[in-house]
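Here are my notes on this one, as numbered points. Have the model open while you read.

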Amino acid sequence: MTLEKYNNILDAIGNTPLVKLNNITKGLKANIFAKLEFLNPGGSIKDRIALYMIEKAEREKKIKPGDTIIENSSGNTAMGLAIVCRHKGYKLKIVIRDTTSKEKIKMLEVLGVDVIKVDASLPPEDPQSYNNYALNLVKENPDWYYIDQHNNLDNNEAHYFTTGQEIWEQTEGKIDYLIGAIGTGGTITGAGKFLKEKNPNIKVIGIDPVGSIFYNYFKEKKLVEPKRYLIEGMGDEFLIKTAQLEILDDMFQVDDKKAFGWTKKLAFEEGILVGGSSGANIWGAVKLAKEIDHEANIVTIFCDSGYKYFSTIYNDDWLQKNSLLK
Ligand code: PMP
């Protein structure tokens, strides 16, 4: 019986629908399917890793209810962790960039998370910067458990066993391309690895924002100076363990304007209200379909909900202030 299947909110994580897009794809020979990850309880794909990483740490006896968990997050992993921690009885501290949308920060506060905001303009080498802050707090409080989604391969494993497997089953193995955003890289490389093991002909393509370092590293092994960009949840300033770029066959580079433009296009043309990384992903999937120009099945990911971005992507004043309004 369906009711028995969902014993609690955590059972509602994963098993998201895979839907065919019909309007934005007009005139393309390839089919594009999107995995609706914004339908997870925390509104993003990151619920999957939050649940998987906590339960794995529990199985390995690294944590027990009542303990304090800490993580740095662009907001979505934080939200997933907040739900899991509320449910299982952990205390949660989240280090977040002060540029993260107000909606995401508010959601965390509502769930009683200790939100520590850091100045997003600090250079990565600064001890107070986003990438160092949580690590330093862990050093000062060795009994706190650091999730470390950027270096913890359980992140990739979560997508290998869930997202990848679901896509394989939902497409009945008839998938030719997986394309999507690289944040930690957990999604695209974890799911990509699973799919390639099933069928080595499947091509896996990552998408990186202008300003992040992955694109130039992938294309020419060059580490460029990171620059500011506004798409949340994508790209990084460093190479990180979870971004297993060797699994990728290619990488596209997107900018804020394209990503946000396509995010709005998705809302208007498909009635799907999502965040900027999903806009980047559909831009990439359509670009790929045009380039290959033959019948194929392309799968991409709609990573998080548009409800998290009413103060940014869906706010013309904010777009204008950031010179992103046409
Ligand atoms: N989009 C959004 C909105 C995200 O929060 C994330 C996670 N950082 C991603 C895409 C990328 O996912 P991953 O970390 O698995 O690469």
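1. Among contacts in the chain between residues at least 6 apart in sequence, 69% link residues at least 24 apart. Contact here means that the C-beta atoms, placed from the backbone, lie within 7 Å. Bear in mind that this is a predicted model: local features need pLDDT of at least 70, side-chain atom pairs count only at pLDDT 80 or more, and totals for chains, interfaces and linings use all residues. Residues are numbered from 1 along each chain as its sequence is written.

2. On overall dimensions, a compact globule of 326 residues would have a radius of gyration near 20 Å, and the chain's 19 Å agrees with that. (The radius is taken over C-alpha atoms, and the globule rule is 2.2 Å times the number of residues to the power 0.38.) Along the principal axes, the C-alpha atoms fill a box of roughly 55 × 50 × 35 Å. Of the 326 residues, 48% count as buried, where buried means 20 or more other C-beta atoms within 10 Å of a residue's own, exposed 12 or fewer, and partly exposed in between, with C-beta atoms placed from the backbone.

3. For secondary structure, I count eleven helices and ten strands. These are DSSP runs numbered from the N terminus, with helices being H or I of at least four residues and strands E of at least two.

4. Axes are lines fitted to C-alpha atoms, for helices over the stretch in contact, and angles run from 0 to 180 degrees between N-to-C directions. S3 (residues 68-72) and S6 are joined by two bridges, and Ile69 has Tyr145 as its bridge partner in S6.

5. Ile70 is buried, with 23 other C-beta atoms within 10 Å. Pro142, 72 residues away in sequence, is 11 Å from Ile70, C-alpha to C-alpha.

6. The other open sheet to look at has six strands, ordered S1-S2-S10-S7-S8-S9, with mixed pairing. Its edge strands, S1 (18-20) and S9 (250-254), each pair on one side only. On average, neighbouring strands here are turned by 25° against each other, direction ignored. S1 and S2 (residues 31-36) pair in the antiparallel sense over three bridges, and Leu18 has Lys35 as its bridge partner in S2.

7. Two helices to check against that sheet: H7 (residues 186-198) lies across S7 (177-181), S8 (203-209) and S10 (297-302), at about 170° to S7. H10 lies across S2, S7, S8, S9 and S10, at about 170° to S10.

8. Finally, H9 (residues 256-270) and H10 (residues 276-292) pack at about 90°, with axes 7 Å apart. That makes H9 roughly perpendicular to H10 (65 to 115 degrees; under 35 is roughly parallel, over 145 roughly antiparallel, the rest oblique). Residues meeting there include Phe260, Trp262 and Leu266 in H9 and Ile282 and Trp283 in H10.

Terms used
Pairing = 2+ DSSP bridges.
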